[in-house]
Amino acid sequence: MNAADPVVQIDGLVKHYGKVEAVRGIDLRVARGEVFGFLGPNGSGKSTTIRCLLGLLRPTAGRIGAFGLDSTRDGVALRRRLTYVPGELRLPDRLSGMEFVASIGRLRGGFDPARRDQLAERLRLDLHRHLRDLSSGNRRKVALLLAFLFDADLLVLDEPTIGLDPLMQREFLALVREARAAGATVFLSSHSLSEVQRAADRVAILRAGKLVAQGTVAELRGRARQRIEVWFEDDPPEAELKALPDLVDPVVDDHRFTATLSGSIQPLIALLASHRVGSMLVEEPDLEEAFLDLYDGGPA
Amino acid sequence: MNARIIELVGGPLRAMRRATFWWCLGLAALVTATISIWPAFKGSSGLSQAIDQLPAGVVQAFGLADFGTPAGFLRANLYDFFVPLLIVIAAVVLANGQTASEEASGRLELYLAQPIDRRAVLLGRAIAALVALAVISVVLLIVQLGADAAVGLGIDTGYLVSTIALCALLGALHGSLAVAIAGVRARPSLVLGVGIGVGVAGCVVASLFPLSDVLAPWRHISPWDWAFGGNPLEQATDLWRYGALAVPTVILTAVGVFAVARRDISGA
């Protein structure tokens, strides 16, 4: 496998549960060393795709795998190179955190106890307590500790920060950056847009089992609508403004012009350059807007 | 043996520690309480006479023949129904608890996300349930031998070992049925229902079919007949009876292990 080859490769993935079409044809590539955000509302097929990647589910059609390995055929070899945080986290209640980590460690062929202790300290996690006595946030930390404990080439994280406080979410993002710096690829599934926006290089948005958008965070933000407000020192050039492409709901009110921009800002800037502009406000688009636009308005 | 293989069996075994302990304690209490009343029966001709008054079918169905003898007493009170049935239930419950129940609850997901073949995970859990069953059976044997010595039942030790080994194998057979079903589909209610249901049905067939001339030949379809049809408390057991229980146990376990690789893993 070349360094340029994608780490995760999904071709025409389809997964049905009886009559329910959970995933309806996904094509995706995740490059080596990138943090890939996998966004979508609940029930959009994110976890199903991930469980197919892990070999827990068998695709109805298409192929899914990583490192050139097929999830169904080469599941053991593939899982040797990845770690995983499940979205729906269920841990063996009877064990302490320490026992559970040791148990998984034995199945994976060992781990560095110093690294375990360091991670527990960073995550402020008491591994000596029974898992049944831990809060949902602390149970999530146990799964995160396991994901970062082993040397993995790919981290598959399904809704990894549910239940974590903001401080721990920040620590999680730091761990993700460290993993990437160490050469790992991160597949980060989430419906938390701000989390993906902060962590991911590229993003795919899933809706009702289909990808509706894919690109860098910057590209996606470029597709998001931005609210524009311009105060002119003279009368606004109303006709020219309303003729600009990609402007939605342009309104001229005395010297004030407002609109929503759904494309490039360049034509507007070019027009404003030939007029006396007192001030201008362009609201920062965030991924949430892009996400909601795609989810609410895009074709399924 | 490497740590991974040990963990595949040792992990589930640790999880079953408490359940195994309670099954041991329960069976030990049943055996001790039952045997403790033997001195009161010993030499009591009244009870034997009362049983002789019952219809032959009832005596046969409830295993009351020779109730006044040590072997008859043990058969009627422990080894015709109660002990084998409890061991069958223990085997099915333990096997289900480590397979279908764990998977359906989602607790198996993080284990199956490790670099291990899911067939090995299921096989490890089946073996662990078998080991737990063996521990329960050995404790039962020790308690039985101790109680036997304490009240002077005088049953041949070899016959007792055979009887309890047959109980254990009958349990293993039903436990492996649970594993087979769990391998095909991770539905705990289905595993428990079919596993225990087949156990009870087998018991009914072995007990009641002999009462009917038409049905009597069909009693041999019951694993209970394979196990206890040779009266192991009073006669040496034919080797084929062990094989008749052990071979399907291996086959059913293999079916479960084969099937689990060919289906989706249930999520939480």
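Trainee: Which residues of the largest nonpolar core touch the most other members?

Mentor: Leu145(A), Leu155(A) and Phe187(A), in a core of 148 residues. Helix H11 (residues 157-184) of chain B gives this core the most, with 15 residues. One caution about the source: this is a predicted model, where local features need pLDDT of at least 70, side-chain atom pairs count only at pLDDT 80 or more, and totals for chains, interfaces and linings use all residues. Residues are numbered from 1 along each chain as its sequence is written, while chains are lettered from A and ligands numbered from 1 in the order in which they are written.

Trainee: What makes a set of residues a nonpolar core?

Mentor: Buried Ala, Val, Leu, Ile, Met, Phe, Trp, Tyr and Cys residues must be joined through C-beta atoms within 7 Å.

Trainee: Which residues does Leu155(A) touch?

Mentor: Leaving out residues up to four places away in sequence, Leu155(A) touches Leu82(A), Thr83(A), Ala147(A), Ala179(A), Ala184(A), Val186(A) and Phe187(A). Contact here is a C-beta criterion (atoms placed from the backbone, within 7 Å).

Trainee: What makes Ala90(B) count as buried?

Mentor: Burial takes 20 or more other C-beta atoms within 10 Å (12 or fewer is exposed, in between is partly exposed). Ala90(B) has 25 such neighbours, so it counts as buried. It sits in helix H7 (residues 82-98) of chain B. Beyond four places in sequence, its contacts are Trp23(B), Leu133(B), Ile136(B) and Gly171(B).

Trainee: How do you know that Gly124(B) is buried?

Mentor: By the count again: 23 other C-beta atoms lie within 10 Å, so Gly124(B) is buried. It belongs to helix H10 (residues 118-151) of chain B. Its contacts beyond four places in sequence are Leu8(B), Val9(B) and Pro12(B). Gly10(B) is 114 residues away along the chain, yet the C-alpha atoms of Gly124(B) and Gly10(B) are separated by 8.4 Å.

Trainee: Why are H2(B) and H7(B) called roughly antiparallel?

Mentor: Two packed helices are described by the angle between their axes and the distance between the axes. H2(B) (residues 17-36) and H7(B) cross at roughly 175 degrees, and their axes come within 11 Å. The classes are: under 35 degrees roughly parallel, over 145 roughly antiparallel, 65 to 115 roughly perpendicular, the rest oblique. The pair is therefore roughly antiparallel.

Trainee: Which residues of H2(B) and H7(B) meet?

Mentor: Ala19(B), Trp23(B), Leu27(B) and Leu30(B) of H2(B) meet Phe82(B), Val83(B), Leu86(B), Ala90(B), Leu94(B) and Gly97(B) of H7(B). By class, that contact has nine nonpolar residues, one polar and no charged.

Trainee: Why are H3(A) and H1(B) called oblique to each other?

Mentor: Helix H3 (residues 97-108) of chain A packs on H1(B) at about 135 degrees, with the axes 7 Å apart. H3(A) and H1(B) are therefore oblique. Their crossing is left-handed. Ser103(A), Arg106(A) and Leu107(A) of H3(A) make the contact with Ala3(B), Arg4(B), Glu7(B) and Gly11(B) of H1(B). The classes there are two nonpolar, two polar and three charged.

Trainee: Which residues of H3(A) meet H5(A)?

Mentor: Gly97(A), Phe100(A), Val101(A) and Ile104(A) of H3(A) meet Val142(A), Leu145(A) and Leu146(A) of H5(A). The axes of H3(A) and H5(A) (residues 136-149) come within 11 Å and cross at roughly 30 degrees. That contact has six nonpolar residues, one polar and no charged.

Trainee: How many residues of chain B are in contact with chain A?

Mentor: 21 residues of chain B, against 21 residues of chain A. Helix H1 (3-15) and helix H9 (109-112) of chain B each supply at least two residues of the chain B side. H1(B) has the largest share, five residues. The chain B side divides into ten nonpolar, five polar and six charged residues.

Trainee: What share of chain A counts as buried?

Mentor: 43% of its 300 residues. Chain A has eleven helices and 14 strands. Its C-alpha trace spans about 75 × 40 × 40 Å along the principal axes.

Technical notes. Two residues are in contact if their C-beta atoms, placed from the backbone, lie within 7 Å. Helices (H or I, at least four residues) and strands (E, at least two) are DSSP runs, numbered from the N terminus. Ala, Val, Leu, Ile, Met, Phe, Trp, Tyr, Cys and Pro count as nonpolar, Asp, Glu, Lys and Arg as charged, and the others, Gly among them, as polar. Axes are lines fitted to C-alpha atoms, for helices over the stretch in contact, and angles run from 0 to 180 degrees between N-to-C directions. A crossing is left-handed if the near helix is turned anticlockwise from the far one by less than a right angle, and right-handed if clockwise.
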